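Colleague: Could you walk me through this one? I would like to understand how the parts hold on to each other.

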Amino acid sequence: MEMYSLETNRLYLNRLAEEQIPKLLEYWNSPELRYITIDRNTMIPEGNHPYTVIYNKNDILDIFKIWDNSSKYRSFGIFTKKENEIIGHITYDYSWDPFSIILNLLIYPKYRNQGYAKEVTPFMIDEIFNTLVTHNIAVFIDEDETNAMKFAEYLGFKSTGVIKHEFYRGGKLRNTHCYDILRPEWRNTHAT
Amino acid sequence: MPLEGKRIILRGLQKEDLQHQLLIRNNTDGQGIARNLPPVFTYEELEKAFNKKEFTIDHKFAAFTIIEKETNEYVGQISYTSYQPRISAEIGILIDENYWGKGYGYEAHEILLEFLFYRLGMRMIMWRTWEDNEGSWKLAQKSGYTITSRVRESIFINGKVSDLLRLQILRDEYFEKHPELQDNLPKL
């Protein structure tokens with residue numbers, strides 16, 4: 001049985017490589033993600049890319065380059081152990097300050113509602129609190145992503161406000177919901 | 001049309017401003033960003049960043065130097081970064097310590113807000129600060145901003161934990177506060 005340095009029951013994390021590009025093109029260009037604006041640095045469902053994007057191979061190679069060389073982000077592909085398939089990616093951003101970081105998760109649409117987010121997110125949060133001085137982990141969620149908001153609350157994140165009219169996409173000025181969790185709050189509820 | 005108020009004028013950043021910028025960037029009392037600690041910016045670093053920019057003003061970022069009209073003295077710097085061009089932006093301001101508490105920051109900020117909302121057609125402007133920097137968030141509130149989110153205990157600087165505050169003002173709110181200006185921008 002293969003061993004991975006970052007693994008949960010069904011999943012493992014790894015850096016993305018060229019062989020994943022065909023799948024990533026399929027998922028990142030899917031209609032479901034059309035209005036998820038994607039920051040080229042973090043590939044997060046909240047960012048500053050203002051336009052609808054059709055990715056090509058070179059775009060994705062550029063993103064790999066940014067991810068691999070960045071001292072500001074950590075980015076991992078999420079893979080199933082059984083089928084060895086990529087099902088999403090998870091990144092964290094400490095460009096502002098490692099004391100307070102931003103966590104981003106994207107499970108690709110066809111793999112949703114199978115409990116993968118519930119498996120990988122607590123694992124990643126533990127990893128962050130065990131390797132960085134981080135005291136606050138923040139997440140930003142688009143107003144239409146109600147399941148993501150419920151999920152954040154389920155994990156113990158607290159709502160800390162709403163940023164209004166940050167972006168225009170999908171025909172409306174959109175609001176971003178802010179959540180965060182503090183190290184002691186996480187430690188109190190999720191013993192490792 | 002120059003960006004001008006009663007006492008000050010905003011102009012594009014010039015190389016001669018870098019020496020002043022060095023002083024305000026290295027003054028930790030004026031900023032709550034731990035990544036700027038220790039405050040050891042050098043002139044050469046600022047010059048390198050300055051030379052890298054082809055223009056000081058573009059769609060995503062613009063930095064202005066604040067000059068006192070009467071004396072032609074350097075007062076500080078004000079800038080904006082767009083999240084999405086013509087939609088939303090964040091303003092940042094740094095004032096020389098000699099000009100603190102005299103309303104120069106407020107005046108510069110009002111000039112830039114009018115530029116962004118009235119002339120450029122922005123829909124939302126954001127202001128980020130931390131809770132201990134009362135002067136900063138009070139200035140923003142005076143201009144019509146409201147606190148929209150509070151990232152709890154997210155800044156540790158100068159020996160203290162502090163909340164990061166996000167304040168914002170929406171287009172409608174701005175024009176409500178400024179009945180002397182007419183909003184001619186077509187609705188989305």
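**Charged pairs and the chain contact**

Modeller: Let me start with Arg152(B), which counts as buried because its relative accessibility is 17%. Please keep in mind that this is a predicted model.

Colleague: OK, and which side chain of chain A does Arg152(B) meet in a salt bridge at 2.7 Å, N to O?

Modeller: Arg152(B) meets the side chain of Asp180(A), with 2.7 Å from N to O. The pair crosses between chains, since Arg152(B) sits in strand β7 of chain B while Asp180(A) sits in strand β7 of chain A. Asp180(A) is buried, with a relative accessible area of 0%. Arg152(B) also forms a salt bridge with Glu185(A), and there the N to O distance is 2.7 Å.

Colleague: How many salt bridges cross the interface of chain B and chain A?

Modeller: The rule finds two across that interface. There are also nine residue pairs in polar contact between chain B and chain A.

Colleague: Which strand of chain B gives the most to the side that touches chain A?

Modeller: That is β7(B), which supplies nine residues. The residues on this side of chain B divide into 14 nonpolar, six polar and eight charged.

Colleague: And how much area do the two chains bury between them?

Modeller: About 2400 Å² is buried between chain B and chain A, and 56% of it is on carbon and sulfur atoms. The contact involves 28 residues from chain B and 27 residues from chain A.

Colleague: Switching to chain A by itself, what is it built from?

Modeller: Chain A has five helices and seven strands, and from the N terminus on they follow the order β-α-α-β-β-β-α-β-α-β-β-α. Of its 192 residues, 52% count as buried.

Colleague: What does Lys57(A) form a salt bridge with?

Modeller: Its partner is Glu18(A), and the closest N and O atoms are 3.7 Å apart. Lys57(A) lies in helix α2 and Glu18(A) in the loop between β1 and α1 of chain A, so this pair ties together parts that are 39 residues apart in sequence. Lys57(A) is partly exposed, with a relative accessible area of 43%.

Colleague: Then Arg174(A) and Asp142(A), are they buried or exposed?

Modeller: Arg174(A) counts as buried at 7% relative accessibility, and Asp142(A) is buried as well, with a relative accessible area of 8%. Their side chains meet in a salt bridge, 2.9 Å from N to O. This pair links distant parts of the chain, with Arg174(A) in strand β7 and Asp142(A) in strand β5 of chain A, 32 residues apart.

Colleague: Which residues are joined with them into one network?

Modeller: Salt bridges that share partners join Asp142(A) and Arg174(A) with Glu143(A), Asp144(A) and Lys172(A).

Colleague: Now Glu166(A): what is the nearest side chain of opposite charge?

Modeller: For Glu166(A) that is Arg166(B), 6.3 Å away, and Glu166(A) is buried yet has no salt bridge. The cut-off for a salt bridge is 4 Å between a nitrogen and a carboxyl oxygen. The side chain of Glu166(A) does make a polar contact with the side chain of Thr176(A), at 3.0 Å. Glu166(A) belongs to strand β6 of chain A.

Colleague: Last one, is Tyr154(A) buried or exposed?

Modeller: Tyr154(A) is exposed, with a relative accessible area of 54%, and it is found in helix α4 of chain A. Tyr154(A) and Lys118(A) are 36 residues apart in sequence, and their C-alpha atoms are 9.5 Å apart in space.

How values were computed: Residues numbered from 1 in each chain as written. Chains lettered and ligands numbered in written order. Predicted model: local features only at pLDDT ≥ 70, side-chain atom pairs only at ≥ 80, totals over all residues. Heavy atoms only, no water. Contact = heavy atoms within 4.5 Å. Buried area = accessible area lost by both parts, 1.4 Å probe. Polar contact = N/O pair within 3.5 Å; in protein donor to acceptor, adjacent residues only side chain to side chain. Helix = DSSP H or I, 4+ residues; strand = E, 2+ residues; numbered from the N terminus. Nonpolar A, V, L, I, M, F, W, Y, C, P; charged D, E, K, R; others polar. Buried < 20%, exposed > 50% of the residue type's maximum accessible area, 1.4 Å probe, protein only. Lys, Arg positive; Asp, Glu negative; His and termini not counted.
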